[in-house]
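Biologist: Could we go through some local features of this model together?

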Amino acid sequence: FPSHDRVDKRDGSLRNVGVEYVTRVPSIYNEDLHKKLVSLCKQINDSGRVDHESIRTSVHVHANVSDLTLSQTWAGIFGLWLVEDLLVQYSGENRVSNLFCFRLRDAEGVLKYVASDLKSNTPFSRHLATDQVRYSAVNLNAISKFGSVEVRCMRGTIDADLIYDWAGYIHNTIRNSAKHGDPSKLMDAFFNMDRRDFINTLVTKKMFNKVIEPVLS
């Protein structure tokens, strides 16, 4: 992203004067986004200041869910959780059980906050607006703040093509999962369909070939 399209923020969780690059406004997933990513990655690469191999360096993607119903949003979240292990594994060796992007299987206590939220009259607010949820690979804390689900597990790559594809994987998995309507229908499909057929209702063909197929083979 050009400098006028982003904010460079100091981040205390990053060592040696760490910086987080944040877009000023949400971007539509299209070729213009790819061009901006190419620009940003080139600037970072040319600067030589980013230790993209560090376990503290990562790429976070926010996927808009503000236009989905509550049931569709939860279906989208459940869809991400169903493929979360594969997403984290694809993200890099140092991302599994990383303190900054715990999988649900690493931090099952998140479900306690989810259960409390589902019983409340204010979805995605008090019970999920806590740092105990924020450091999950699928961060539900961001929904009340930004109207988006944040996925935090991708390693600190400066490969613009990879980041662009990754953002598409996240966006499409949420959208395709939401098409099931609600989590109960999603889980009915999970238990009743052939596993490959079910996964193909959640992910794009490109994601299946890149992320899913290598593990299933």
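This is a predicted model: local features need pLDDT of at least 70, side-chain atom pairs count only at pLDDT 80 or more; totals for chains, interfaces and linings use all residues.

Biologist: What is the phi of Ser 97 near?

Modeller: Phi of Ser 97 is near 60°, a positive value in a residue other than glycine. Ser 97 sits in the loop that joins helix H3 (84-91) to helix H4 (110-119); helices are DSSP runs of H or I, at least four residues, numbered from the N terminus.

Biologist: And Phe 124, is that buried or exposed?

Modeller: Phe 124 is buried, at a relative accessible area of 7%. Buried means under 20% relative accessible area, exposed over 50%, and partly exposed in between, with a 1.4 Å probe and protein chains only. Phi of Phe 124 is also positive, near 60°, and the residue belongs to the loop between H4 and helix H5 (131-134). Ser 97, at 38% relative accessibility, counts as partly exposed.

Biologist: Changing topic: which residues of helix H9 are buried?

Modeller: In H9 (residues 195-202), these are Phe 198, Ile 199 and Leu 202. They lie on the same side of H9, because they cover an arc of only 100° around the axis, taken from the directions from the helix axis to the C-beta atoms.

Biologist: What covers them?

Modeller: The cover includes helix H2 (70-82), helix H7 (160-178), helix H8 (183-192) and helix H10 (205-216).

Conventions. Residues are numbered from 1 along each chain as its sequence is written. Side-chain values use heavy atoms; hydrogens and water are left out. Helices (H or I, at least four residues) and strands (E, at least two) are DSSP runs, numbered from the N terminus. Contact means heavy atoms within 4.5 Å.
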